[in-house]
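Below are my notes on the model you sent, as numbered points. They go from the overall fold to single residues.

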Amino acid sequence: MAFSPLWLSFFLVFSIATINAALTAQAFTGTYGINYGRIADNLPSPESVVTLLKAAKIKNVRIYDANHEVLTAFNGSGIEIVVGLGGEFLIEMSVNEDRAMSWIKENVQPFLPGTSIRGIAVGNEILANKDRQDLWEVLLPAAKNVYNALDKLDLTKVVQVQSPHSQGVFANSFPPSSCIFKEDIVPYMKPLLQFFSQIGSPFFINAYPFLAYMSDPEHIDLKYALFQSNRGIYDAKTKLHYDNMFDAQIDAAYAALEKAGFGKMEIIVSETGWPSRGDESEAGASEKNARTYNSNLRKRLAKKKGTPYRRKIPVKAYVFALFNENLKPGGTSERNFGLFKADGSIAYDIGFTGLKSSSAASSLLSFKGIGSSYMLVFASCAAILLLIF
């Protein structure tokens with residue numbers, strides 16, 4: 001059977017796309033995940049955190065290091081986890097692939113496959129950090145060395161290499177279609193995007209409507225930031241209407257990627273959230289607003305829908321954060337982004353069930369609504385044993 005050149009070209013393109021998809025690690029299941037920060041001295045044990053996450057049916061987690069106690073606790077949980085390679089490692093990783101290999105052999109490989117490590121985040125918001133511009137030029141070589149080390153260990157099909165960015169990489173984001181990368185960042189961002197495009201990694205962005213609202217509460221409608229009913233905004237260039245800032249921030253990033261030549265790259269939100277407390281200068285930080293934002297965000301992600309500009313790509317996001325972290329520096333809001341308090345109880349109700357201490361001296365942790373049933377069974381068994389013996 002003879003194939004025309006057109007059909008042959010189609011077949012080759014389709015085959016390459018299929019092979020790339022098969023060889024690329026996918027670091028996200030479903031659409032909802034959470035960031036498990038641990039800058040605190042009063043958090044539940046990692047084992048209790050696994051129990052909490054499983055009860056909440058949260059399948060995707062990011063941590064900001066590669067803590068062995070945490071990775072051990074997640075063994076056998078089925079929860080997919082992204083570990084963090086901090087900025088303090090980037091310089092040495094950039095000049096020495098052997099160092100990247102050693103780090104992976106120490107912090108990733110020994111925990112596989114029991115612990116579902118699905119990604120390594122190389123740095124966090126590096127290209128927007130004006131105080132550490134020395135790291136801008138080492139981010140790409142560090143990411144390449146981490147990937148090459150994974151490749152030599154035959155782990156690139158399992159573990160994805162990524163690097164989250166802040167909104168600070170953009171020169172402007174309103175309206176969404178006008179968004180571009182900052183001029184001084186472009187020489188570092190474009191080669192990084194080229195590399196991630198080659199290995200099939202998405203663009204990770206930390207998107208915070210709270211920060212935008214806090215910076216200009218007089219001109220930004222709080223309801224627009226909280227997914228509540230509002231007039232929204234209209235982007236005249238794309239003729240698209242936005243009824244919430246979260247979608248607009250994502251589409252602004254898509255517009256910037258498109259202008260940079262990477263219009264087909266998927267975007268995943270690596271952080272988003274709203275604090276339940278804040279200083280007087282931190283407009284909008286309140287328990288009511290945090291509950292509204294995170295509840296509506298959860299409903300929005302559950303719909304598995306795209307944005308106005310990318311309707312066919314379901315939005316995926318990691319909420320910031322799992323716990324309030326009492327040792328974080330900065331304003332009061334920084335220590336109050338958690339969906340849960342340090343004792344494992346809920347910070348406010350958006351449909352999750354927290355951990356709570358029982359009155360028993362054994363310090364048993366039980367779930368609300370479930371623990372009472374197990375205690376009843378336990379009491380019944382104890383009574384039967386007493387009758388027998």
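1. The protein chain of this predicted model has twelve helices and 15 strands. Its length is 389 residues, and 49% of them count as buried. The accessible surface comes to about 19100 Å², with 56% of that area belonging to carbon and sulfur atoms. Among contacts in the chain with a separation of 6 or more, 68% are between residues 24 or more positions apart.

2. Nine strands make up an open sheet with parallel pairing. The order across the sheet is β5-β4-β3-β2-β1-β13-β12-β9-β6. At the edges are β5 (160–162) and β6 (164–166), each of which pairs on one side only. From one strand to the next the twist averages 25°.

3. One side of the sheet order can be followed strand by strand, beginning at the edge strand β6. Strand β6 pairs with β9 (residues 203–206) in the parallel sense, over three bridges, and I205 in β9 is the bridge partner of H165. Strand β9 in turn pairs with β12 in the parallel sense over four bridges; here I205 stands opposite V269. Between β12 and β13 there are two bridges, again in the parallel sense, with V269 opposite A317 of β13.

4. How many of the six residues of β12 are buried? Six of the six are, so β12 is largely enclosed by the rest of the structure.

5. S166 belongs to the edge strand β6. With a relative accessible area of 11%, S166 is buried, because the cut-off for that class is under 20%. Leaving aside neighbours within four places in sequence, S166 is in contact with E125, A128, I205 and N206. A polar atom of the S166 side chain lies 3.0 Å from the backbone nitrogen of G168. S166 and S270 are 104 residues apart in sequence, while their C-alpha atoms are 9.4 Å apart in space.

6. N244 sits in the loop between β11 (240–242) and α10 (245–259). The side chain of N244 reaches two backbone nitrogens: that of F246 at 3.2 Å and that of D247 at 2.8 Å. Not counting residues up to four places away in sequence, N244 touches Y224 and F227.

7. The salt bridges are taken next. Side chains of opposite charge can pair when their charged atoms come close. The count for this model comes to eleven salt bridges.

8. One of the salt bridges joins the side chains of D65 and R38, at 2.7 Å from N to O. D65 is in the loop between β2 (60–62) and α3 (68–73), and R38 is in the loop between β1 (32–35) and α2 (46–56), so the pair ties together parts that are 27 residues apart in sequence. Both partners are partly exposed: D65 has 28% relative accessibility, and R38 has a relative accessible area of 24%.

9. R132 and D134 also meet through their side chains in a salt bridge, at 2.9 Å from N to O. R132 counts as partly exposed at 34% relative accessibility. D134 falls in the partly exposed class as well, at 36%.

10. A further salt bridge is formed by the side chains of E266 and K316, at 3.5 Å from N to O. E266 lies in the loop between α10 and β12 (267–272), and K316 lies in the loop between α11 (287–302) and β13 (317–319), so this pair ties together parts that are 50 residues apart in sequence. K316 has 16% relative accessibility and counts as buried.

Definitions and conventions. Residues numbered from 1 in each chain as written. Predicted model: local features only at pLDDT ≥ 70, side-chain atom pairs only at ≥ 80, totals over all residues. Heavy atoms only, no water. Buried < 20%, exposed > 50% of the residue type's maximum accessible area, 1.4 Å probe, protein only. Contact = heavy atoms within 4.5 Å. Areas by Shrake-Rupley, 256 points an atom, 1.4 Å probe, with all protein chains shown as cover. Pairing = 2+ DSSP bridges. Axes fitted to C-alpha atoms, helices over the stretch in contact; angles between N-to-C directions. Polar contact = N/O pair within 3.5 Å; in protein donor to acceptor, adjacent residues only side chain to side chain. Salt bridge = Lys/Arg side-chain N within 4 Å of Asp/Glu carboxyl O.
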